[in-house]
There are 2 protein chains.
Amino acid sequence: MEIAMVVYDRFTALDAVGPYEILSRLPDAHLTFVAERPGPIRTDTGFLAVTADRALDELPSPDLLVVSGGPGTEAQMENHVLLDWLRAADATSTWTTSVCSGSLLLAAAGLLHGRRATSHWAALELLEQFGAEPTGERVVTDGKYVTAAGVSSGIDMALTLTGRIAGDEHAQAVQLLTEYDPQPPYDAGSPVKAPAHLVEEFRAGGRFSLT
Amino acid sequence: MEIAMVVYDRFTALDAVGPYEILSRLPDAHLTFVAERPGPIRTDTGFLAVTADRALDELPSPDLLVVSGGPGTEAQMENHVLLDWLRAADATSTWTTSVCSGSLLLAAAGLLHGRRATSHWAALELLEQFGAEPTGERVVTDGKYVTAAGVSSGIDMALTLTGRIAGDEHAQAVQLLTEYDPQPPYDAGSPVKAPAHLVEEFRAGGRFSLT
């Protein structure tokens with residue numbers, strides 16, 4: 001199975017590396033980080049670069065594509081090289097997926113019109129403006145389109161996909177290998193659960209940049 | 001705060017990128033991926049390279065160091081350049097931490113003798129042979145030494161550390177930003193919870209390489 005991890009300047013690292021860690025353990029997986037131009041791609045914080053081993057046009061027909069999100073999404077929504085590649089890759093893919101604001105790129109390419117989908121919680125309104133039907137679920141499957149909520153949710157998406165592709169037992173084996181038995185020390189991981197003033201602060205653009 | 005993410009050939013990407021995603025959001029964080037030699041470092045699957053921006057000797061005194069694990073650990077346990085650096089960095093660090101089999105490197109450097117610590121579940125026996133006192137907890141704090149269990153547990157460790165360093169509210173804000181509201185589709189993330197035959201298969205070296 002040919003898997004393409006789509007990245008670009010100022011993507012959010014965990015959006016890609018969460019699913020990578022799970023999907024790379026699929027039987028017969030061949031996974032490649034791809035970007036418009038190959039080479040080191042710097043993430044949103046500036047503190048990390050990952051290597052895109054191939055250019056988009058070197059990998060035109062992946063079986064599974066994962067589009068990451070991050071603050072760099074906004075610039076990419078007008079990058080027609082990327083949007084054209086997404087449309088062409090989607091035409092032959094078995095699974096077209098995204099994490100976080102990566103779904104905005106699928107939507108900008110016209111691939112989520114009328115489909116149930118999700119994104120980072122702060123990007124759901126924008127997703128709707130592109131004609132998708134946002135849901136509050138963490139992982140949303142609509143046919144071959146699988147979208148995940150913010151950043152860390154790509155791990156849950158990838159395990160869900162692994163179960164669909166290789167069976168429950170293989171997915172459980174990967175969960176055991178990666179010791180994915182989450183025990184967060186707080187319960188503030190969604191706007192419903194977090195203290196309301198923090199949610200407001202984010203929406204006002206106060207503490208961190210989100211998109 | 002100067003943060004060093006210690007990586008080497010065949011480390012496990014999520015071991016580093018989970019904590020990176022959280023710790024890079026600490027106030028005044030300056031985070032650097034470091035390796036014996038700077039440049040692209042290929043992870044355990046072969047499908048991803050991250051850039052070590054600095055050599056170990058360029059960052060001798062981080063405030064916080066995070067040592068990743070992975071199949072490459074075994075070779076590093078005899079790398080005296082790395083072990084010497086760990087001892088020297090630990091002498092002035094505020095926090096010395098690890099994820100997964102990264103704790104074996106701290107132990108090999110003599111830093112965990114007589115301390116409570118953890119590692120990937122399949123590496124706990126080896127950790128004990130180095131004089132540490134393994135526990136079954138996901139995140140173990142013994143003074144300034146904070147060790148995490150396998151792969152994905154570094155996210156929980158980093159949120160715990162963020163709370164200690166910057167307060168509960170900042171940690172909750174980072175949890176909300178990264179939408180860390182885990183909902184794994186299976187409950188097989190520890191040897192206690194996973195189907196027993198999968199645990200046995202791993203211990204027999206059947207399905208995946210673990211160390």
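I started with α6 of chain A: 10 of its 14 residues are buried, so the helix is largely enclosed by the rest of the structure. Buried here means under 20% relative accessible area, exposed over 50%, partly exposed in between (1.4 Å probe, protein chains only).

Ground rules before going on. This is a predicted model, where local features need pLDDT of at least 70 and side-chain atom pairs count only at pLDDT 80 or more, while totals for chains, interfaces and linings use all residues. Residues are numbered from 1 along each chain as its sequence is written, chains are lettered from A and ligands numbered from 1 in the order written, and side-chain values use heavy atoms, with hydrogens and water left out.

**Entry 1, α6 of chain A.** I looked up the extent of the helix: residues 153-166, reaching 20 Å from the first C-alpha to the last, close to the 20 Å expected at 1.5 Å a residue. That expected span is 1.5 Å times one less than the number of residues. Helices (H or I, at least four residues) and strands (E, at least two) are DSSP runs, numbered from the N terminus. Among the buried residues I noted A:I155, A:M157, A:L159 and A:L161. After the helix comes A:G167, with a positive phi near 100°.

Strands β3 (residues 39-42) and β4 run antiparallel in chain A, joined by 4 bridges. Strands count as paired if DSSP finds at least two bridges between them. I found A:I41 opposite A:V50. Between the two strands sit 6 residues, and A:G46 in the turn has a positive phi of about 85°. Is β4 (residues 49-52) of chain A covered on one face or on both? On both: A:A49 and A:T51 are buried on one side, A:V50 and A:A52 on the other.

B:D90 is in helix α3 of chain B. At 8% relative accessibility, B:D90 counts as buried. Which residues does B:D90 contact, leaving aside neighbours within four places in sequence? They are B:L65, B:T96, B:L111, B:K144 and B:Y145, contact being heavy atoms within 4.5 Å.

In chain A I checked A:T96, which lies in strand β7. A:T96 is buried, with a relative accessible area of 0%. Leaving aside neighbours within four places in sequence, its contacts include A:L65, A:D90 and A:Y145.

I have chain A divided into domain 1 (2-180) and domain 2 (184-211), with bounds from an automatic or database domain assignment. Their centres, taken over C-alpha atoms, are 23 Å apart.
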